[in-house]
Amino acid sequence: TFHNVELEVSDCFYANQHQLLQLCYALYNILAARSETVCYLVIVLNHMVSASCLTLVLPVLVFLWATLSVPRPSKTFWMTAIIYTEVTIVIKYFFQFGFFPFNQKLEVDRSKPFHPPNILGVEKKEGYVLYDLLQLLALFYHRAILKCHGLWDQNVAMETDTLHHPDNQLDSTRSATSIDVADSASSLRRRGRRRTRSSSTQPRSP
């Protein structure tokens, strides 16, 4: 059996901690293991609270791109989500100034459900960027978890290894030569069968 003194000391130290602290450790491990799901929930929650066209894009990308990716979403999806969230925060902040015409009569415009700024999500209100910041924090936390486990640049590394590794090139050449040898052997067998058939069909001389 595998035996390591440092692991045993770590297990003893963890077992001697207070139960509340162990519960905090367990919750953190669950959060770190399911950080991808946490990002999905925060994105959907942001759209449920804001319900605008700006927050509709990321839930659509989650259900049509991220959840359909096997085994996990790529780096491109997470970078798209992070950049889009940052751009959304900047746009909402820009439209909070009072010199815009739709920000001068807030009490009248808030009662109109089909007011264009309310549909687009650029209306002036308190706490306009709270859930967007929470969403950005969850995305950055998930990126940090992926970087700690070496999964952030895994797809790029795998592609470069398969393209530039010399063993893979040798394997490809060997497979190509083996295919050529198999094709030549099968063609020789076919020719031999045809010759035996033609010789058997020829009439024998008396």
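A residue counts as buried here when its relative accessible area is under 20% and as exposed when that area is over 50%, with partly exposed in between. The views below use these words throughout.

**Figure 1. Overview of the predicted model.** The structure shown is a predicted model. The protein has ten helices and zero strands, and its pattern along the sequence reads α-α-α-α-α-α-α-α-α-α. Of the 206 residues in the protein, 21% are buried. The protein exposes about 15500 Å², and carbon and sulfur atoms supply 64% of that area.

**Figure 2. Helix α5 and its buried face.** Helix α5 covers residues 75-94. With 20 residues at 1.5 Å a residue, α5 should span 28 Å, and its end C-alpha atoms are 29 Å apart, which agrees. The buried residues of α5 are F77, W78, A81, I82, T85, T88, I89 and K92. Seen down the helix axis, these buried residues fall within an arc of 135°, so they line one face of α5. Their packing partners are α3 (35-50), α4 (53-66) and α8 (130-148).

**Figure 3. Aromatic residues F77 and W78.** Six aromatic pairs are found in a search of the whole structure. One of them is the pair F77 and W78, which is edge-to-face, with 5.0 Å from centre to centre and 70° between the planes. F77 has a relative accessibility of 0% and therefore counts as buried. W78 is also buried, because its relative accessibility is 2%, and the cut-off for buried is under 20%. F77 and W78 belong to one aromatic cluster with Y40 and W65.

**Figure 4. Lysine K92 and its surroundings.** K92 lies in helix α5. With a relative accessible area of 3%, K92 is buried. The side chain of K92 makes a polar contact of 2.8 Å with the side chain of D132. Leaving aside residues up to four places away in sequence, K92 touches S50, L54, T55, G121, Y128 and D132.

**Figure 5. Helix α8 and what covers it.** Helix α8 has 19 residues. From its first C-alpha to its last, α8 reaches 27 Å, close to the 27 Å expected at 1.5 Å a residue. After α8 comes G150, which has a positive phi near 75°.

Figure 6. E123 lies in the loop between α7 (116-120) and α8. The relative accessible area of E123 is 16%, so E123 is buried under the 20% cut-off. Residues up to four places away in sequence not counted, E123 touches Q96, P117 and N118.

**Figure 7. Backbone features in two loops.** Most residues other than glycine have a negative phi, and most peptide bonds are trans. A51 is not a glycine, yet its phi is positive, at about 55°. The place of A51 is the loop between α3 and α4. A51 is exposed, because its relative accessible area is 51% and the cut-off for exposed is over 50%. The peptide bond that joins V70 and P71 is cis, with omega about 0°. P71 is found in the loop between α4 and α5.

**Figure 8. Tyrosine Y25 in helix α2.** Y25 is found in helix α2, which covers residues 19-33. With a relative accessible area of 35%, Y25 is partly exposed. Y25 and Y14 are eleven residues apart in sequence, and the distance between them, C-alpha to C-alpha, is 9.4 Å.

Key:
Residues are numbered from 1 along each chain as its sequence is written. This is a predicted model: local features need pLDDT of at least 70, side-chain atom pairs count only at pLDDT 80 or more; totals for chains, interfaces and linings use all residues. Side-chain values use heavy atoms; hydrogens and water are left out. Helices (H or I, at least four residues) and strands (E, at least two) are DSSP runs, numbered from the N terminus. Buried means under 20% relative accessible area, exposed over 50%, partly exposed in between (1.4 Å probe, protein chains only). A polar contact is a pair of N or O atoms within 3.5 Å; within protein, one must be able to donate a hydrogen and the other to accept it, and residues adjacent in sequence count only if both atoms are side-chain atoms. Contact means heavy atoms within 4.5 Å. Rings of Phe, Tyr and Trp (its six-membered ring) pair if their centres lie within 6.5 Å; planes under 30 degrees apart count as stacked, over 60 as edge-to-face and the rest as tilted. Accessible areas come from the Shrake-Rupley method with a 1.4 Å probe; for residues, only the protein chains shown count as cover. The expected span of a helix is 1.5 Å times one less than its number of residues. The arc is that of the directions from the helix axis to the C-beta atoms.
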